[in-house]
Amino acid sequence: MDQSKAPLLDALVDYRTRNRYGFTPPGHRQGRGVDPRVLDVLGPQAFADDLLANGGLDDRRSGNRYLQRAEELMADAVGADTAWFTTCGSSLSVKAAMMAVAGGEGDLLVPRDAHKSIVAGLIFSGVQPRWVTPRWDAERHFSHPPSPDDFRAAWDDHPDAAGALVVCPSPYGTCTDLAALADICHDRGKPLIVDEAWGAHLPFHEDLPTWAMDAGADVCVVSVHKMGAGFEQGSVFHLQGDLIDEARLSACADLLMTTSPNVLVYAAIDGWRRQMVQHGHELLSSALDLANSLRTDIALIPDVTVMDDELLGVEASHDLDRMQILIDVSATGTSGYQTHDWLRTHRHLDVGMSDHRRILVTLSFADDHTTAERLLEALWAWRKDVDDIGTAPPMRLPDPDEIQLETVTVPRDAFFGEVERVPTARASGRVCAEQLTPYPPGIPAVVPGERLNDAVLDYLRTGVHAGMNIPDAADPSLRTIRVLAT
């Protein structure tokens, strides 16, 4: 296919050239009705290009196939059989994949360190999760993706599960052995879903971790806005092989998808695909060189560890995206939360994630020596100011066996059951009816349907005091928790 084409972007140019006008939504009429104060901030072009996808950019029957041709080009670019664009993020795409594979009353092998969007998919669909336990680094209080052997054991325990789902890369950039995992699933005639939200860039450079389609996955979901150059909410999911019904997957996505998709999001995905095909290898080579140089420079800061080799190994992760720079600051006496807040307040820099002892710096191909130098200068300034920041508030960090909560009922039944709100001090032993998710990275500490215990409750309560954010809790202060009524 001619990868120099960008059908959606070309269609926007054609719309302007023909001076089209619609007596249709959106009501701002290409910006004519927008408050000038809004235009001063957002600019007129965003509104000029905000059009109906059908009956606007394309005709009412999608006769020009702008979106379909853009999706075909994407699939061709990355070696998938089929690709779909969505404007509701990978949160929608992964739910659609789960529903297509195991919707109704099916079972699905799911790692317990899955993102909250996957748990939301369990709640919506009624799918029974068969949890696969991550590997745990007790010294660093850090989870690694489950290994293929962990999934093999889960298949032995649950041979009737409809398929398996894995998150790879993790929000930290760590990866499992996808090729081995795909083989294990396919030996049983079962599909593998990969939540590859953090891996949109992987198909375009050989020095990055293995792209899910190359590893043999059946469907994978990527967020173009995370490691690509799309707008927030831009996502693509890719399909190959015959283990997943393509029509059913498309129908599941249609059930969840908005009927008013944002053309700007679509067009940005289309343009990014063309950019990656034409220039991606060069851009990513430069980004990887920059990341390696920055890792070396950050490691020179006293009492700061750039995590690398300690993330890899037989009992750790299989591979690592080194554009994700995970920095352990605990030896300075401060927490990742404090470091995150200091950088924002004093240097106007935001980092991708923080926890009780680490911050995560996410680089993209858009970064250069200017942005890298700004980060490095900010980190040195933070290090000089550490003594004035104060010591990290204490947190109760549970042992690995303490965080493996008992599953009492499926997430859907707990979430939609009769609930009551109880003081957290009296919640131990009760069945939780809500997600409790430190965010970012968005991995639930508690899933609806799990029985709460003192260790996890103490971890969350002390975490909130130390700076942890739990935005999905009904009571983010965690003074109370929603549990199933007795």
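Predicted model: local features only at pLDDT ≥ 70, side-chain atom pairs only at ≥ 80, totals over all residues.
Asp137 belongs to strand S4, which covers residues 135-137.

The side chain of Asp137 is in polar contact with the side chain of Arg140, at 2.8 Å. Leaving aside residues up to four places away in sequence, Asp137 also touches Phe142 and His144.

## Aromatic pairs

A pair of aromatic rings is described by two values, the distance of the centres and the angle of the planes. The model has six aromatic pairs. In one of them, formed by Trp84 and Phe237, the ring centres are 5.0 Å apart and the planes stand at 20°, so this pair is stacked. The cut-off behind that label is an angle under 30 degrees. Trp84 lies in strand S1 (residues 82-86) and Phe237 in strand S10 (residues 235-239), so the pair links distant parts of the chain, 153 residues apart. Are these two residues buried or exposed? Trp84 is buried, with a relative accessible area of 12%, and Phe237 is buried as well, at 0%.

Phe415 and Phe416 form another aromatic pair. Their centres are 5.0 Å apart and the angle between the planes is 80°, which makes the pair edge-to-face. Here the cut-off is an angle over 60 degrees. Phe415 is partly exposed, with a relative accessible area of 38%, whereas Phe416 counts as exposed at 54%.

## Strand S6

Strand S6 covers residues 163-167, and five of its five residues are buried, so the strand is largely enclosed by the rest of the structure. In a regular strand the side chains alternate between the two faces of the sheet. Which residues of S6 lie on each side? Gly163, Leu165 and Val167 are on one side, and Ala164 and Val166 are on the other. Both faces of S6 are covered, as the residues on either side are all buried.

S6 pairs with two strands described here. Strand S2 (residues 107-111) and S6 are parallel and share two bridges. Leu108 has Gly163 of S6 as its bridge partner. Strand S8 (residues 192-195) also runs parallel to S6, and four bridges join them. Asp195 in S8 stands opposite Val167.

## Nonpolar cores

The largest nonpolar core has 85 residues. Which of its residues touch the most other members? They are Leu192, Val194, Ile298, Ile327 and Leu379. Helix H12 (residues 263-298) gives the most to this core, with 14 residues.

Ile298 touches Val304, Val306, Ile325, Ile327, Leu375, Leu376 and Leu379, when residues up to four places away in sequence are not counted. Another core lies apart from the largest one and has 26 residues. Ala96, Leu108, Ala114 and Val167 are among its members.

Conventions:
Residues numbered from 1 in each chain as written. Heavy atoms only, no water. Phe/Tyr/Trp six-rings, centres within 6.5 Å; stacked < 30°, edge-to-face > 60°. Buried < 20%, exposed > 50% of the residue type's maximum accessible area, 1.4 Å probe, protein only. Polar contact = N/O pair within 3.5 Å; in protein donor to acceptor, adjacent residues only side chain to side chain. Contact = heavy atoms within 4.5 Å. Core = buried A, V, L, I, M, F, W, Y, C linked by side-chain atoms within 4.5 Å. Pairing = 2+ DSSP bridges.
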